[in-house]
Amino acid sequence: MAAAAAQQEARSTRQDVPATSRVAIIGGGISGLAAAKQLAAHDPVVFEATPSVGGVWKHCVYRSTRLQTPRPDYEFSDYSWRNRDDPTFPTHAEIVEYLEGYADTFGLWRYIMFGAKVVDVKFLGGRAAGFTELWSGTGEPLQGKPMWEVGVATAGSDAVQYFKFEFVVMCAGKYGDVPRMPVFPKGKGPEVFRGQVMHSLDYCKLSEEETVELMRGKKVVVVGYKKSAIDLALECAQANQGEGGEACTMLVRTLHWVVPSYSIWGLPFFLFYSTRLAQFLYERPGQGFLRSMLCRLMTPLRAGVSKFIESYLAWKLPLDKYGLRPDHPFVEDYASCQMAILPDGFFDMADRDMIRFRRASSWCFSPNGVLLEDGTEVEADLVFLATGFEGKDKVRAVLPEPFRGLVVDKSGMMPLYRGTIHPLIPNMAFVGYVESVSNLHTSELRCRWLAGLLGGRFALPSVEAMVRHVDGEAEAMRRTTRFYRRHCISTYSIHDSDAMCADLGTRVLRKGNWLAELFAPYNNQDYKEE
């Protein structure tokens with residue numbers, strides 16, 4: 001009882017916004033917690049719309065959802081998993097527990113306002129702060145005066161309260177809240193279908209009993225072939241085992257490589273992409289002419305690595321049997337963070353004819369199911385749309401013009417310098433919008449870099465220089481993968497971390513010797529604060 005009371009007291013949260021708070025953080029997921037910890041010196045306020053921390057791991061997961069990364073590769077540099085040697089991938093409940101423990105350890109609850117949804121953000125800086133040679137007009141992130149006014153609607157109230165801040169950190173996340181919905185010609189959308197249509201976002205809100213009841217004995221079509229679609233199809237097959245069960249059909253438009261584990265022909269996966277030597281083979285932003293020529297010469301070597309991995313996956317998994325072998329190289333999926341780890345039993349269910357696959361580059365609804373481009377009809381009682389999320393729309397929804405129209409550039413990406421600063425949006429940072437093998441590590445290091453910026457440890461380059469850097473990064477990704485719009489840094493993550501360490505004036509080479517520097521994988525523990 002005493003321990004529970006002590007924990008409850010330790011988890012006392014903000015009830016109002018003190019005048020001393022100079023920084024607002026929007027979102028209480030992984031990025032929001034990392035930002036609160038790193039920016040504690042500025043007494044931040046974390047506005048979290050829900051009653052709990054955890055973000056997507058708390059509010060946008062299936063019952064079977066697990067992390068796709070081993071525990072040691074998905075932890076803060078100063079807070080380890082209690083059971084970090086456990087080889088199983090953590091469940092979503094374990095991840096939320098881990099994040100709550102992180103908030104306990106570093107006293108982050110006192111910064112968080114729960115049930116506080118940001119619905120509007122107004123810019124107070126005037127023309128002098130925008131579209132100038134220096135970011136925010138002066139290049140200074142904190143100018144001693146309010147630059148943004150944040151409108152917050154609290155739970156149970158229609159009223160919107162406005163609070164002024166010098167700096168805003170956007171950590172609203174890329175996933176959840178806003179579903180990506182396919183668009184159909186008139187008369188070919190869900191309105192003509194006699195069954196039920198549900199996006200995966202709505203499925204996440206159901207209990208286990210409700211999901212089983214929803215799918216049991218029904219002909220189900222799952223649209224998509226990424227991680228959420230694969231997990232959903234497996235849950236559907238499990239719910240339909242036994243007498244009266246129906247098979248689940250996955251409707252696949254774009255194939256992606258799937259991986260059963262982090263071992264390739266007996267070799268650890270990190271050898272191929274997570275060491276300095278491995279990443280030396282790949283394009284990186286800002287590389288000079290000589291390195292560009294070297295990358296061209298190493299093209300056969302890069303292709304060889306990809307073919308080596310593909311050969312294992314084609315041997316280990318029944319990809320050819322089900323027509324699921326992608327035409328593009330494995331590296332293109334890895335470089336765009338679209339490699340999915342298969343859940344246990346997925347192809348076992350396919351072998352039992354409980355999961356089926358249909359390829360279609362285009363489709364529409366019919367009264368009895370879905371109609372494929374070749375005229376084939378797949379009957380369905382229930383259609384799940386595992387078609388992803390429009391996370392950038394959450395940012396657009398609250399930002400004022402002209403900044404709203406600048407969130408995404410002509411390449412379809414958020415143009416973020418160091419994956420954090422938009423060159424044309426002053427006194428605001430964006431954390432959690434760049435992907436890697438470990439999004440937690442990516443966010444933590446960016447928050448530390450941001451703390452250095454706000455603390456005056458370094459200055460930003462000019463707006464023009466930041467735009468050039470962002471364009472160069474987009475071009476490097478474009479040359480590596482056709483799926484570059486996801487802004488994934490997996491093939492040059494060490495170089496990305498090097499740049500932030502250099503800005504902060506800390507060691508770039510983090511290993512103890514040259515052998516380890518070349519051949520050992522880099523992870524969160526290499527970036528403990530000095």
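This is a predicted model: local features need pLDDT of at least 70, side-chain atom pairs count only at pLDDT 80 or more; totals for chains, interfaces and linings use all residues.
**Helix packing**

- The axes of α15 and helix α17 (residues 493–504) come within 10 Å and cross at roughly 20°, and the crossing of these two helices is left-handed.
- Helix α2 (residues 30–38) packs against helix α15 (residues 439–454) at an angle of about 30°, with the axes 9 Å apart; α2 and α15 are therefore roughly parallel to each other, and α2 passes α15 in a right-handed crossing.
- Angles under 35 degrees count as roughly parallel, over 145 as roughly antiparallel, 65 to 115 as roughly perpendicular and the rest as oblique.
- Helices (H or I, at least four residues) and strands (E, at least two) are DSSP runs, numbered from the N terminus.

**Salt bridges**

- The structure holds 29 salt bridges, each being a side-chain nitrogen of Lys or Arg within 4 Å of a carboxyl oxygen of Asp or Glu.
- Arg-71 forms a salt bridge with Glu-94, the closest N and O atoms being 3.4 Å apart; Arg-71 lies in the loop between α3 (56–59) and α4 (92–105) and Glu-94 in helix α4, so the pair ties together parts that are 23 residues apart in sequence.
- Arg-71 is buried, with a relative accessible area of 1%, whereas Glu-94 is partly exposed at 24% (buried means under 20% relative accessible area, exposed over 50%, and partly exposed in between, with a 1.4 Å probe and protein chains only).
- Lys-205 forms a salt bridge with Asp-202, with the closest N and O atoms 3.8 Å apart; Lys-205 counts as exposed at 61% relative accessibility, and Asp-202 as partly exposed at 36%.
- Glu-283, Glu-475, Arg-478 and Arg-479 are linked in a network of salt bridges.

**Backbone features**

- Most residues other than glycine have a negative phi, and most peptide bonds are trans.
- Asp-353, in the loop between α13 (346–351) and β15 (355–359), has a positive phi of about 65° although it is not a glycine.
- Asp-353 also forms a salt bridge with Arg-356, the closest N and O atoms being 2.9 Å apart; Asp-353 is partly exposed, with a relative accessible area of 39%, and Arg-356 is partly exposed at 40%.
- Trp-265, found in the loop between β12 (263–264) and β13 (267–268), has a positive phi of about 50° although it is not a glycine, and at 38% relative accessibility Trp-265 counts as partly exposed.
- The peptide bond from Glu-401 to Pro-402 is cis, with omega near 5°, and Pro-402 lies in the loop between α14 (391–398) and β20 (428–430).

**Nonpolar surface patch**

- Leu-277, Leu-509, Trp-514, Leu-515, Leu-518 and Phe-519 make a nonpolar surface patch of about 620 Å².
- Patches are made of residues with over 30% relative accessible area and no salt bridge, like charges being joined within 9 Å and nonpolar side chains (Val, Leu, Ile, Met, Phe, Trp, Tyr) within 5 Å.
- Helix α18 (residues 514–519) contributes the largest share of the patch, four residues; Phe-519 has its place in this helix and counts as partly exposed at 44% relative accessibility.

Methods:
Residues are numbered from 1 along each chain as its sequence is written. Side-chain values use heavy atoms; hydrogens and water are left out. Accessible areas come from the Shrake-Rupley method with a 1.4 Å probe; for residues, only the protein chains shown count as cover. Axes are lines fitted to C-alpha atoms, for helices over the stretch in contact, and angles run from 0 to 180 degrees between N-to-C directions. A crossing is left-handed if the near helix is turned anticlockwise from the far one by less than a right angle, and right-handed if clockwise.
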